[in-house]
Amino acid sequence: MLQSIKNYARPFDSIDDLDPLMEDIGDAKYVLLGESSHGTSEYYTIRAELSKRLIKEKGFSVIAVEGDWPSCQSINRYIKNIGSPPSDVREALESFNRWPTWMWANQEIIELVQWLKDFNQQTKRKNKVGFYGLDVYSLWESMDEIIKYLERTGNTGLKQARNAFNCFEPFNRNNESYAVSAGYLSEDCMKEALSLLTTIQKNKWKYDDDEESSLNMEVNALVTVNAEEYYRTMVTSDSKSWNVRDIHMVEALNAVMKFYGDDAKVIIWEHNTHVGDARATDMKDAGMVNVGQLIREQNFPEDVYIVGFGTNSGTVIASTEWGVDFRVTKVPSAQVGSWENLMHKAGAFNQYLLFNDENREEFSKTIGHRAIGVVYRPEYEQYGNYVPSIMSSRYDGFIFLDKTHALHPIVMESLIY
C-alpha cells in the first residue's frame, strides 16, 4: 500500500493546489468534510477554505456541522441578519457554552463566520448561505426555544410543549439523571416528546416566516424526541445510542435540505467517524451506522462526496476525561503500519489522495486509521484510537497534514457541562 500511496498521492501547499479535488467533487450535492480530531487548527482552516470555494464556485448554500442546533442558530442569525442577530461574531460564538466549547468557540471559526456574513450581504442569490447544527445533545435548550416561540406568538402546540417540559423538569436539566431513570426504571418522557413533534409537524406551516421559525421549530422538536431516545438508550447500549445520534443528524439535515429546496447543496463538517462510511469499518460488525453511510444510501452515488482528514503528529486540544478543562496535548507519531504512518512514509509533507476506479482496489485492504475524540490520552492510543478501515470505500478523497497544531479556543465565561 505504501507504493500505491506514493503513486497516487499529490503534495499541496495551498487551497489552490486542491483544484483536482474540486474537479473530482463535480456536481455533488452533499460534500462531507471530516477531521480526525475535534481540536486541530488545520482541519478547520482547510475545511473553511474548501467551503468558501464550494460556495463561490459550485453554489453551495448550507454548512451543517457536528454542533447543537440552538447554539448554531446564533451563527445562522448573525450571517443572515435574521431574527434578533448578535451584534458581532464574538457574541454569536458566546452561545457555544456547552462542554466541549472549543469545537465551535475558537479563533479559526471566526474568520469563516465573518466571511459568510459578508458573502450573504453581497450575494444576489435567492437562498443566503446558512449555518446549522445537526447534533442531538440540546434537549433542554431545544425545549426552551420551542416554548419561548409559542409563548411569544400564541401559536398551536404550547400545551404539548409544556407537557413535555413538565415531564422532563424533575430531572433538573441533568442528562445523566434522565438517562438512568428512563434506561433502568422505565420512567421516560417518550410519549410527551412524540406528541410535541407530531403537533409541530402537523402545524409547521403556521410557523412559516422570514426568521426560519418553521424549520427551527421542526428541528428543535426532532431534537426533543431523538435526545430523549438517545439518553434513554445510552446507559444500556453504546451502539444503539450511537445510531440514534447519527440517524438524528441525517433527519435534521434532511429537514434543512427540504427547507432550502430541490437545488440545495450542503457542506457537512463532522468527525471522520461520522462522515466516513461505517460499512468500510468494524462499526458494521457492531451493527452501527453513521452519517456518511446513511447519506450515501439515501442518495445517488454521484451526489455524495466524502473527504477524510488525518495527520502523523503534532498537537491537539482535548481533555483527559469527559467534562474536564481542555489542554494542548502532544499527538505522537502515528502507529507503525497505520494509514497515517504509511502516508508519512510516502512523504513527510502535506498530501491529498483521490480514490477512483483506477486505484480503488489498491487501497481495499483493511488498515488502522487514527481517530482522536474530545477525550484523548495519547499514552493509551494503541488500545482504542485506530479504526480498522478500508480507506477507498470509506472516503472518496483524503487530505493528509503531516504535522498539525492545536486549535485556538475562545474561553467561555459561563460553561455548561
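Author: Let's start with a term: buried means under 20% relative accessible area, exposed over 50%, and partly exposed in between (1.4 Å probe, protein chains only). You're looking at a predicted model, where local features need pLDDT of at least 70, side-chain atom pairs count only at pLDDT 80 or more, and totals for chains, interfaces and linings use all residues. Residues are numbered from 1 along each chain as its sequence is written, and side-chain values use heavy atoms, with hydrogens and water left out.

Reader: Is Glu212 buried or exposed?

Author: Glu212 is buried, at a relative accessible area of 6%. Its phi is positive, about 60°, although Glu212 is not a glycine.

Reader: Where is Glu212 placed?

Author: Look in the loop between α10 (190-202) and α11 (213-234). Helices here are DSSP runs (H or I, at least four residues) and strands are too (E, at least two), numbered from the N terminus.

Reader: And Asn172: buried or exposed?

Author: Asn172 is exposed, with a relative accessible area of 64%. Asn172 has a positive phi as well, about 55°, and is not a glycine. You'll find Asn172 in the loop between α8 (158-168) and α9 (175-185).

Reader: How do I read a strand such as β4?

Author: Check its faces and its partners. In β4 (residues 130-133), Gly130 and Tyr132 on one side and Phe131 and Gly133 on the other are all buried, so both faces are covered. Two strands pair if DSSP finds at least two bridges between them; β3 (residues 62-65) runs parallel to β4, joined by four bridges.
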